[in-house]
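Visitor: I am new to this structure. Please show it to me, and then let me ask a few things.

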Amino acid sequence: QVQLEESGGGLVQAGGSLRLSCAAYGRTFDLYRMVWFRQVPGKEREFVGSISWSSGSTEHADSVRGRFTISRDRAKNTGYLQLNRLKTEDTAIYYCAGEPAGAGSFQWWGQGTQVTVSS
């Protein structure tokens, strides 16, 4: 079992930056991939990006590519989502999720952290 704990959300002006963290606890050696999503109430959850826990290879959604960067520090068992050049439309609750090797699905979820971008 892996527990994920997010932090780093907040209120920021458009054009500003934030860094979200997702700390993993427990059987972290089971973690294969960490994925970031965001969701606005009343709308569908949107994929933001993902990172392979072992290799560090990443992918980012078109809507955030070039502005957001996913990384991880294996020594700290923590994943990061760096949000730069924020726009008001980036306002959402951001979630991290963990996928164990061979599962093909996300079994662990963080509690979510609110990011609000003001104009």
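Visitor: Which residue of β8 stands opposite Leu-20?
Guide: This is a predicted model. β3 and β8 pair in the antiparallel sense, over six bridges. In β8, the residue standing opposite Leu-20 is Leu-81.

Visitor: In what order do the four strands of the open sheet run?
Guide: The pairing in this sheet is antiparallel. Its edge strands are β1 and β7, each pairing on one side only. Neighbouring strands are turned by 20° against each other on average, with direction ignored. The order is β1-β3-β8-β7.

Visitor: How many residues does the largest nonpolar core have?
Guide: Those with the most contacts inside this core are Leu-4, Met-34, Trp-36, Phe-68, Leu-81, Leu-83 and Tyr-94. Several strands, including β1 (2-7), β4 (31-39) and β9 (92-100), each supply at least two of its residues. The core has 26 residues.

Visitor: Which strand gives the most to this core?
Guide: Strands that each supply at least two core residues include β3 (18-26), β5 (46-52), β7 (68-73), β8 (78-83) and β11 (113-118). One of them gives four residues, the most. That strand is β3.

Visitor: Which cysteines does Met-34 touch, leaving out residues up to four places away in sequence?
Guide: Met-34 is among the residues with the most contacts inside the core. Its partners include Leu-4, Ile-51, Trp-53 and Ala-97. Among them are also Cys-22 and Cys-96.

Visitor: How far apart are the sulfur atoms of Cys-22 and Cys-96?
Guide: A search of the whole structure finds one disulfide. Cys-22 and Cys-96 form a disulfide, and both are buried. Sulfur atoms within 2.5 Å count as such a pair. Here they are apart by 2.0 Å.

Visitor: Which strands hold the two cysteines of that link?
Guide: The link of Cys-22 and Cys-96 is right-handed, with 70° about the S-S bond. The pair links distant parts of the chain, 74 residues apart. Cys-22 lies in β3, and Cys-96 lies in β9.

Visitor: Is Glu-99 buried or exposed?
Guide: Glu-99 forms a salt bridge with Arg-33, the closest N and O atoms being 2.9 Å apart. Glu-99 sits in strand β9 and Arg-33 in strand β4, 66 residues apart. Arg-33 counts as partly exposed because its relative accessibility is 21%. Glu-99 has 8% relative accessibility, so Glu-99 counts as buried.

Visitor: Why does Arg-38 count as buried?
Guide: The side chains of Arg-38 and Glu-46 meet in a salt bridge, 2.8 Å from N to O. Glu-46 is partly exposed, with a relative accessible area of 31%. Buried means under 20%. Arg-38 is buried because its relative accessible area is 7%.

Visitor: What is the relative accessibility of Asp-90?
Guide: Asp-90 and Arg-67 meet through their side chains in a salt bridge, 2.7 Å from N to O. Asp-90 is in the loop between β8 and β9, and Arg-67 is in the loop between β6 (58-60) and β7. Arg-67 counts as buried, at 6% relative accessibility. Asp-90 also counts as buried, at 0%.

Visitor: Which residues do salt bridges that share partners join into one network?
Guide: Side chains of opposite charge can pair when their charged atoms come close. The count of salt bridges comes to seven. Those that share partners build one network. Its members are Arg-38, Glu-46, Arg-67 and Asp-90.

Note on methods:
Residues numbered from 1 in each chain as written. Predicted model: local features only at pLDDT ≥ 70, side-chain atom pairs only at ≥ 80, totals over all residues. Heavy atoms only, no water. Core = buried A, V, L, I, M, F, W, Y, C linked by side-chain atoms within 4.5 Å. Buried < 20%, exposed > 50% of the residue type's maximum accessible area, 1.4 Å probe, protein only. Contact = heavy atoms within 4.5 Å. Pairing = 2+ DSSP bridges. Axes fitted to C-alpha atoms, helices over the stretch in contact; angles between N-to-C directions. Salt bridge = Lys/Arg side-chain N within 4 Å of Asp/Glu carboxyl O.
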